[in-house]
Amino acid sequence: MNPYIEILRPGNAVMGAIAIILIAIIDKTISIPIILAMLAVFFETAAGNVINDYFDYNIDLINKPERPLPSGRISLKSGRNYGYLQFLLGTVCGFLISYLTNNWIPFVIVLISDVILYLYAYKLKSTPLIGNLAVGFMTGFGFVFGGFTINTPEIISISIFLGFFAFVMTTAREIIKDIEDIEGDKAEGAKTLPILIGTKIPAILAIFLIVIDSALCPLLYFYHIFGVYYLAVIAIAVILFLYSAILILKSQDRETAHKASKYLKIGMLIAFVAFIFGSF
């Protein structure tokens, strides 16, 4: 794969844009602002990925030496500038959305995202729990961004609910990823939660968040936001969520944490599919 595509983590960037697609499907609408919102989230997510790789260069030499920067396929300077370009593209998309809709909240959301994503990569990532919350917040922010792009009271309310779901589950996954990356983080001198207090309590915190989100999932059906098809598909996601919780409860070694993180990611993708099915 071309290193300039690989460093964007296009899968993650597309997954971020899915939030906008889901909101559009729920509202059964498509428009130029919606398309721009998809592009904005893609570019902002890609920017966060690239700038994070830039600041994590030394850590990735241990944890992920095959990545474009530590492997030398992209220079540090080129990687940094490439990240800035993604930020610029996302910000331009946000401005165009607000200009076309005469609603400046989407542009403000993009500007806030620029700041949070850069601060996360520069400082917050190594701050105990705050870094995890920042990633979760940004994931949930995508749904809210989509809601304010469409800008109807009903869609804004639904987007906030879905944003909260994404925030909680992503935060849980980020805590588990800190457990997985503890060796490289220690070598870099980072102060993540597992490094400071051990892996058991962070694992329990992640499990608590997973259980909360799993319990919230049926509410989207019972409050008539989604139909019965949602309930059938989301059950699969909940099973994966709870299985991940069981895995990380039993053991907090790197391999188990990697498995738990992977199953959470798959579960979230299935949850997104459930949102689509539930809209019909």
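Modeller: Happy to! One cut-off first: a residue counts as buried under 20% relative accessible area, as exposed over 50%, and as partly exposed in between. By that scale F222 is exposed, because its relative accessible area is 55%, while Y221 is partly exposed at 27%. Bear in mind that this is a predicted model. Y221 and F222 form an edge-to-face aromatic pair, 5.3 Å centre to centre, with 65° between the planes.

In total, the model has 21 aromatic pairs. Another is made by F95 and F107: their ring centres are 5.7 Å apart and their planes meet at 80°, so this pair is edge-to-face. It links distant parts of the chain, with F95 in helix α5 and F107 in helix α6, 12 residues apart. F95 is partly exposed, at 36% relative accessibility, whereas F107 is among the buried residues of α6. The cover over the buried residues of α6 includes α3, α5, α7 and α8.

F143, F165, F226, Y230, F241, F272 and F275 form one aromatic cluster. Two of these names, F241 and F275, come up again with F145 and L162 as the residues with the most contacts inside the largest nonpolar core, which has 70 residues. Helix α8 gives the most to this core, with 12 residues. Beyond its neighbours within four places in sequence, F241 is in contact with F165, M169, I210, S214, L264, G267, M268 and A271.

Notes:
Residues are numbered from 1 along each chain as its sequence is written. This is a predicted model: local features need pLDDT of at least 70, side-chain atom pairs count only at pLDDT 80 or more; totals for chains, interfaces and linings use all residues. Side-chain values use heavy atoms; hydrogens and water are left out. A nonpolar core is a set of buried Ala, Val, Leu, Ile, Met, Phe, Trp, Tyr and Cys residues joined through side-chain atoms within 4.5 Å. Buried means under 20% relative accessible area, exposed over 50%, partly exposed in between (1.4 Å probe, protein chains only). Helices (H or I, at least four residues) and strands (E, at least two) are DSSP runs, numbered from the N terminus. Contact means heavy atoms within 4.5 Å. Rings of Phe, Tyr and Trp (its six-membered ring) pair if their centres lie within 6.5 Å; planes under 30 degrees apart count as stacked, over 60 as edge-to-face and the rest as tilted.
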